[in-house]
Amino acid sequence: MLQIKAIKLQPQKPFTWASGWKSPIYCDNRVTLSYPSIRNFLREQLSAQIEELYGKPDVIAGVATGAIGIGMLVADYMKLPFVYVRPEAKKHGRQNQIEGHLEKDQKVVIVEDLISTGKSSLNAAAALNEAGAKVKGMVALFSYGFDFAVDNFEEAGIELTTLSDYNHLIEVAEKQGHFDSTETELLTSWRKDPSNWNHSN
C-alpha cells in the first residue's frame with residue numbers, strides 16, 4: 001500500500017482531515033481497487049480472515065462509500081450476498097439506509113476499508129442490528145488504532161480485526177526508508193493525541 005501510494009506520509013507537511021485534525025498520514029484504500037493483483041490479494045486475505053473467525057456468514061456488508069468496492073469483492077470471492085450501509089437513510093425514493101436484500105436474523109460480517117474513530121463503522125453496525133441482522137463482527141484493511149476507537153468498539157460489543165494497523169505501518173515504512181527516526185517520533189506523537197497534534201512541536 002506504501003508502494004502504490006494508497007498511504008501517504010507527510011510528517012512535515014500534514015494533511016487536514018474533515019474533522020479539522022492535522023495529520024501526518026493520509027490513507028486512501030480505494031486506490032487499491034485500481035491494482036488487480038493487490039485488490040485480489042486483499043479480498044483473499046479478508047475472506048480467509050472472515051472464515052477463520054466466523055465461519056461463513058449469510059451476508060457481507062460494506063460501509064458506504066469507501067468499503068463498497070472491497071466489500072463486494074469479498075462477497076463475490078466467498079460467493080455470498082452483499083449489501084452496503086449508508087451513513088443515514090436516503091431522503092428520497094425508498095429512503096433506505098441499507099441497500100440490497102437483507103433478511104431478519106441473517107448473520108452478517110461487516111467489511112471496512114479504514115478505521116479512524118470508528119463512529120461511521122459502528123453506525124453501520126447499529127443500522128444492521130436495528131434491521132434485525134446478527135452482526136458477527138467487522139474486518140478492515142487498516143486501523144489507526146486510536147485508544148478511543150478501541151473503547152468505542154468494546155462499548156458497542158463489536159469485534160474488530162484488521163489486516164494492518166498504524167504501528168505496523170510505521171515500522172515497515174521506516175525500514176523501507178520512507179522517513180527517518182525524527183519523523184517516526186512525530187508520527188508516534190500524533191497517534192497519541194491526534195486532535196491536539198502539531199507537527200512543529
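Hi everyone, let's start at Lys79, which lies in the loop between α2 and β6 (82-85). Those labels follow DSSP runs numbered from the N terminus, where helices are H or I runs of at least four residues and strands are E runs of at least two. Before going on, please keep in mind that this is a predicted model, in which local features need pLDDT of at least 70 and side-chain atom pairs count only at pLDDT 80 or more, while totals for chains, interfaces and linings use all residues. Residues are numbered from 1 along each chain as its sequence is written, and side-chain values use heavy atoms, with hydrogens and water left out.

Back to the backbone, then. Phi of Lys79 is near 55°, a positive value in a residue other than glycine. Lys79 is also exposed, at 71% relative accessibility. By exposed I mean over 50% relative accessible area; buried is under 20%, and partly exposed is in between, using a 1.4 Å probe and protein chains only.

Where else do we find a positive phi in a residue that is not a glycine? Lys5 has one, at about 65°. Lys5 sits in the segment before β1 (7-9), and with a relative accessible area of 54% it is exposed. Why point these out? Most residues other than glycine have a negative phi, and most peptide bonds are trans.

That brings me to a cis peptide bond, which joins Ala64 and Thr65 with omega about -5°. Thr65 belongs to the loop between β5 (59-63) and α2 (68-77).

Next, the aromatic rings. Searching the whole structure gives 13 aromatic pairs. Rings of Phe, Tyr and Trp (its six-membered ring) pair if their centres lie within 6.5 Å; planes under 30 degrees apart count as stacked, over 60 as edge-to-face and the rest as tilted. One of the pairs is Trp17 with Trp21, which is stacked, at 5.7 Å centre to centre and 25° between the planes. Trp17 is buried, with a relative accessible area of 17%, and Trp21 is buried with a value of 17% too.

Phe146 and Trp190 make an edge-to-face pair, with 5.5 Å from centre to centre and 70° between the planes. Which parts of the chain does this pair tie together? Phe146 is in the loop between β9 (134-143) and α4 (147-156), and Trp190 is in helix α6 (residues 181-192), so the pair ties together parts that are 44 residues apart in sequence. Both Phe146 and Trp190 are buried. Zooming out, ring pairs link Trp17, Trp21, Phe142, Tyr144, Phe146, Phe148, Tyr166 and Trp190 into a cluster.

Let's stay with α6. How far apart are its end C-alpha atoms? They are 17 Å apart, which agrees with the 16 Å that its twelve residues should span at 1.5 Å a residue; the expected span is 1.5 Å times one less than the number of residues. Besides Trp190, the buried residues of α6 include Glu183, Thr184, Leu186 and Leu187. Seen down the axis, the buried residues of α6 fall within an arc of 160°, so they line one face of the helix. That arc is taken from the directions from the helix axis to the C-beta atoms. On the face of α6 turned away from its buried side are the exposed residues Glu185 and Lys192.

Last topic: the spaces. On a 1 Å grid over the protein atoms alone, a cavity is a set of points where a 1.4 Å probe fits but cannot get out, and a pocket is an open set with protein on both sides within 12 Å along at least five of seven lines; lining residues have an atom within 4 Å of a point. Grid points are joined across faces, edges and corners, and a volume is the space filled by probe spheres set on the points.

The largest pocket holds about 690 Å³ of space. It is lined by 25 residues, and Cys27, Arg30, Leu114, Ser116 and Ser120 are the closest to its centre. β8 gives the most to this lining of the largest pocket, with four residues.

The second largest pocket has a volume of about 430 Å³. Among its 17 lining residues, Met1, Leu2, Phe41, Ser164 and His168 lie nearest its centre. Here α1 gives the most to the lining, with four residues.

Finally, the largest cavity has a volume of about 30 Å³. Its lining consists of Asn29, Arg30, Thr32, Leu33, Gly66, Ile70, Asp113 and Leu141.
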